[in-house]
Structure formats: C-alpha cells, structure tokens
Amino acid sequence: MDVTEVLLPGVGLRYEFTTTDGQRIGVVARRRGDFDFVAYPGDDPDDVRMLFRLSAEEADAVTEILGAPRIAERFADLTREVPGLNAGQVEVTAGSEFDGRTLGETRARTRTGASIVAIVRGEDVIASPAPSQGLLAGDILVVIGTQQGITGVERILAG
C-alpha cells in the first residue's frame, strides 16, 4: 500500500492513501498532538471532507486496538521463518504468586531464555514491557522462545 506524506507547514503532516474500495483517505497529524481524519470525495485534492478528530489519547487507544492483532500476526510470521522459534500466550491466573508483582520479579527470561514481548490486558496491549511493568491476574503474556522456554514461563507463572 502506498502512503503519501505531505508536510503542512505550521500544521503537521498529512498522510494519504487509497483504500481497496478506491476511497482516498487522509490523516492529518497535527503538531499539537491530535489527528484529523479526512476523505476526498472527488479528484480535487482541495475538496476535503472532515470525518472526525481524535485527541492524542484517543489515537493511542485506536492504535492499540488495531495494533494488537498485527503484533500477534507479525510474531506468527517470525516464528514460521525461524526454525525452533515459537510464539505462545501465557495467562497470569488468579492466585499466581506474580499477580500484583512486576515482570522483572518473574526472572522469566533469565530462567527460561524466552522473551515476553507484549502483555495483553483487556483491550490494551503493552508492547515491549519493561521489567518494572506490573502484572495482574487476567493478563496474557505474549512469549517468544523455544517450546521448552514457553512451557517454563507457564510453570513460573503457575507457581
């Protein structure tokens, strides 16, 4: 997909692309942090229809919603390309000794060689979580490593 980037002096950047249905869409990333979503009803690039505006916080929420399936898809692609590398999902269950503790306290990477690359918490995705990231019952950890490493992370979290 081709995305055109246009500098709008004093405003920000506009990104434009054409959908598979032929609709021209634009996203204006404003310098102040919000985003305008626009459509071009005809061939005239100056004929613009405002669709909606998102605050920076709202745009982050949409990014997480749309990004979660893409993250999982990219990890699945990676594991197909690298023999012996697997992706798994491990839940922090109620009653786990790590419910309410930090990711670093699990020492999962040191103990298993597997990497926790994301945490899915409800509809939110915490990509590349830091060791200081807290864990909660119900969190789903996205783990990359050998099958043995992923199983090891399951054992650690099960206590």
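Reply: **A close look at one side chain**

The side chain of S96 reaches the backbone oxygen of L157 at 2.7 Å. Such a polar contact is a pair of N or O atoms within 3.5 Å; within protein, one must be able to donate a hydrogen and the other to accept it, and residues adjacent in sequence count only if both atoms are side-chain atoms. The model is predicted, so local features need pLDDT of at least 70 and side-chain atom pairs pLDDT 80 or more, while totals for chains, interfaces and linings use all residues. Residues are numbered from 1 along each chain as its sequence is written, and side-chain values use heavy atoms, leaving out hydrogens and water.

S96 lies in the loop between β6 (86-91) and α2 (103-106); helices (H or I, at least four residues) and strands (E, at least two) are DSSP runs numbered from the N terminus. S96 counts as buried because its relative accessible area is 6%, where buried means under 20%, exposed over 50% and partly exposed in between (1.4 Å probe, protein chains only). I65, in helix α1 (residues 56-81), is partly exposed, with a relative accessible area of 47%.

Elsewhere, five strands form an open, antiparallel sheet in the order β1-β2-β3-β4-β5; strands pair if DSSP finds at least two bridges between them. At its edges are β1 (4-8) and β5 (49-54), each pairing on one side only. β1 runs antiparallel to β2 (residues 12-18), and five bridges join the two strands. Within this pairing, L8 has G12 of β2 as its bridge partner.
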